Every structure is written in structure tokens, then in C-alpha cells.
Amino acid sequence: MIFLEIGAVLSSIGFYEAQLTSCAYQLLGMADLGVLPQCFSVRSKWFNTPWLGILVSTLITVAVSSMNFADLISSINFLYSLAMLLEFASFLWLRRKLPMMERPFRVPLELPGLIMMCLIPSGFLVYIMSLANGTVLLVSSVVSALTILWYFMTNHFCKSNMWNHFNNVGPKLMDPDLD
């Protein structure tokens, strides 16, 4: 019985390390694409790992480790629902503003059909969000506010003052409506 418990603990540590590494390299990739400042793409001299991504992921893990498991899962679902609603809105907005933009694939519907297609999953997402309790709303509001603050700080303030350097490797869309 003790060996089973030791195996479960070691397995959990392995899963945590895999998730931590995945998150750290996601931050590195975002820095390489210019979404995050270049400081997130700095690697350790000894292990060639993104040490700042590992540090940020660890700090987030420590911050949420005191939460109730049900509240943690509910907060993740709430934030995921917000992200999906934002993706649906940006999908519809881009189709309306830039209908002829080159893309890897195209959904063969006109705008009213796309709205109907996004309406059903959006209803489910809003229903999931309506089940949130006070702790979930507080955590999700704080995370959303910090994300919006981070966006404006890095995109407008720090970038214009040249405090952070960004790698902008992707093509820039030239459209006055996008600015």
C-alpha cells in the first residue's frame, strides 16, 4: 500500500513539472512572437530553460494553492469562458471588418450564419459563468483587471517609452480600422 502512495506522489510531481515546463515555454513563445516583452525569452545559462517563465508560473501556482479546489476549477472555467467569448467576438469582428483578409481557412458562412453558429456555444458559456460564486467572481475580476492593466502598460506605456523591447516577427495588418 505504501508503494502505491509513493507512486501517486511521484506521479503528481511529474505531472506538475510537465505542466510547469509547458507554461514556461508558452511564455517564451509569446515573447518570441512579440506578445510579451523580450525579458521572458531569456534562458538560463546552465540549463537553457526560460527561468523567468518558470518563476512566474511557480508564483502563480503558490498564489492559487490556498484556494478551495472547487473554487479554483470554477475560476478556471469562468476565465476560459471569458476567453472563448472574446475569441467569438474577435472572429465576428474580423469577418465584418476584413472579410477578404487572407487566412489559413475560411468558414463558409456569411455574417448572420456565423452569428448563429457562435450564439449556441456562447449561451452555454454565459450559463457556466452565471453559476459562479463570490470567490470565483473576485478571482476572475482581479485576474481580468490585472490582464487589462498589463496589456495597456506594456502596449502603450512601456513600449512608447522604450522600457521593454518586443520581437515583432509577424506580419502587421495594414488597416486604419484596426488602430
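**Figure 1. Contacts across the predicted protein chain.** The model is predicted, so local features need pLDDT of at least 70 and side-chain atom pairs count only at pLDDT 80 or more, whereas totals for chains, interfaces and linings use all residues. Residues are numbered from 1 along each chain as its sequence is written, and side-chain values use heavy atoms, with hydrogens and water left out. The chain holds 5 helices and 0 strands (DSSP runs, H or I of at least four residues for helices and E of at least two for strands, numbered from the N terminus).

**Figure 2. Packing of helix 1 and helix 2.** Helix 1 (residues 2-33) packs on helix 2 (residues 51-64) at an angle of about 125°, and their axes (lines fitted to C-alpha atoms over the stretch in contact, with angles from 0 to 180 degrees between N-to-C directions) lie 8 Å apart. Helix 1 contributes Y16, L20, C23, A24 and L27 to the contact, and helix 2 contributes G53, I54, V56, S57, T58 and T61.

**Figure 3. The largest nonpolar core.** Such a core is a set of buried Ala, Val, Leu, Ile, Met, Phe, Trp, Tyr and Cys residues joined through side-chain atoms within 4.5 Å; buried means under 20% relative accessible area with a 1.4 Å probe, protein chains only. Its 7 residues are M84, F88, L92, V107, L114, C118 and L125. Helix 3 (69-97) and helix 4 (111-130) each give two or more residues to this core.

Definitions and conventions
Contact = heavy atoms within 4.5 Å. Buried < 20%, exposed > 50% of the residue type's maximum accessible area, 1.4 Å probe, protein only.
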